[in-house]
Amino acid sequence: MELNRKSWTQRDYDDYISYLRHLEDAAYKEFNSRIIPGTSHMFGLRMPVIRKISKEILKGNYTDFIACKKGDYHEEIIIEGLVLSGISCGYSELLGNMKYFAARIYNWAICDTVSFKELKNHLEEFLGDIDYFIYNENPWVQRFGFGCLMQFYLTDSYIDRVLEYVNSVDSDFYYVEMMQAWLIATAAAKQRDKTMAFLKSNNLNDFTQNKAIQKMRESYRISNEDKEYILKFKRA
C-alpha cells in the first residue's frame, strides 16, 4: 500500500487498517498478548515494521492522516504516536499532540514506545504544563508524564523538581508506581547523591519504594557498594 500519500480520505484509512491486518504476525501477536495485558485489539506487528510505516506516512500528507477517524488497535495507536512525535512544530502544537496521544494510551507498551524528542527543545515551557500530565485522573497520562521527566529532566538543573513531582503522587495504579520506580532507579545512575537522599526520606508508598530499590539493584549503572547501601531503605 502507498503510505507516502498526497492526501488521506477515510476510505484510504480504512484500506490502511486492512493493510495492517494483512501484515499480521500470528506468533508475535500471541507473544505480545502475553506480555501486554488487557490488549485485545492487536495485529502482531514488529517494531521495525511499525517504524517503517510511520516514517513513510510522515513523508506525505500526515495532517490528513491524523485527521482520519481511528480505532484502538495497539499498533494503530503506536504508529499514530510515532507520526505525531515526528512532526517538526512549535511548542503549542507539540503540547497538543502530546495531550492527544497521552489520552489514547491504554497499555504500557504504547506509553513507552513513543518519545516526543522535540520536547528537549522546550524544557522550560513544558514544565509550565507538566501538572496536566502528572496530576491527571487518567493513570496512563500520569505514566506518560513521568516518562517525559525520566527521559529529559534528570539533569543538575531539574533533578530537584523531578523528585518533588515523584514524591507528590501516591498512586495505587501498578503502571504508575512502576514508572515512578523506574524513574528513581534511572535518577540514581545520573544524579546519585540527591537520589540517595530521596530514598532516605520521601512520601512514596512501600511498594514503589521497594520497586525502586529492586530496579537499582538490577541496574548495571549502580555500583555494588550502593546496591548494598540502599538495602537499609527497603521497607517491610
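Predicted model: local features only at pLDDT ≥ 70, side-chain atom pairs only at ≥ 80, totals over all residues.
Residues are numbered from 1 along each chain as its sequence is written, and side-chain values use heavy atoms, with hydrogens and water left out.

Let's begin in the middle. The largest nonpolar core has 74 residues, and Tyr16, Phe126, Phe144 and Phe146 touch the most other members. By nonpolar core I mean buried Ala, Val, Leu, Ile, Met, Phe, Trp, Tyr and Cys residues joined through side-chain atoms within 4.5 Å. Buried is under 20% relative accessible area, exposed is over 50%, and partly exposed is in between, with a 1.4 Å probe and protein chains only. As general background, nonpolar side chains in soluble globular proteins tend to be buried together.

Which residues does Phe126 contact, leaving aside its neighbours within four places in sequence? They are Tyr91, Leu95, Met98, Leu119, Phe133, Cys148 and Tyr153, where contact means heavy atoms within 4.5 Å.

Three of those names, Tyr91, Leu95 and Met98, take us to helix α6, where they are buried along with Leu94, Asn97, Phe101, Ala102 and Arg104. Helices here are DSSP runs of H or I with at least four residues, numbered from the N terminus. Helix α6 covers residues 91–104, and its 14 residues reach 20 Å from the first C-alpha to the last, close to the 20 Å expected at 1.5 Å a residue. That expected span is 1.5 Å times one less than the number of residues. The cover over the buried residues of α6 includes α5, α7, α8, α9 and α10.

Now for a helix pair. Helix α12 (residues 174–190) and helix α13 (residues 192–200) pack at about 140°, with axes 6 Å apart. The axes are lines fitted to C-alpha atoms over the stretch in contact, and angles run from 0 to 180 degrees between N-to-C directions. The two helices are therefore oblique to each other, since under 35 degrees counts as roughly parallel, over 145 as roughly antiparallel, 65 to 115 as roughly perpendicular and the rest as oblique. On the α12 side we find Ile184, Ala187, Ala188 and Lys190, meeting Arg192, Thr195, Phe198 and Leu199 of α13.

Let's turn to helix α3, residues 47–59, which holds Ile50. Ile50 is buried at a relative accessible area of 1%. Beyond residues up to four places away in sequence, Ile50 touches Leu45, Glu75, Ile78, Ile79 and Leu82. Ser54 is also found in α3, and is buried at 4%.

Last stop: the loop between α4 and α5. Cys68 touches Trp8, Thr9, Gln10 and Tyr13, not counting residues up to four places away. Asp72 lies in this loop too, but counts as partly exposed at 36% relative accessibility. Asp72 touches His41, Ile77 and Tyr106, again not counting residues up to four places away.
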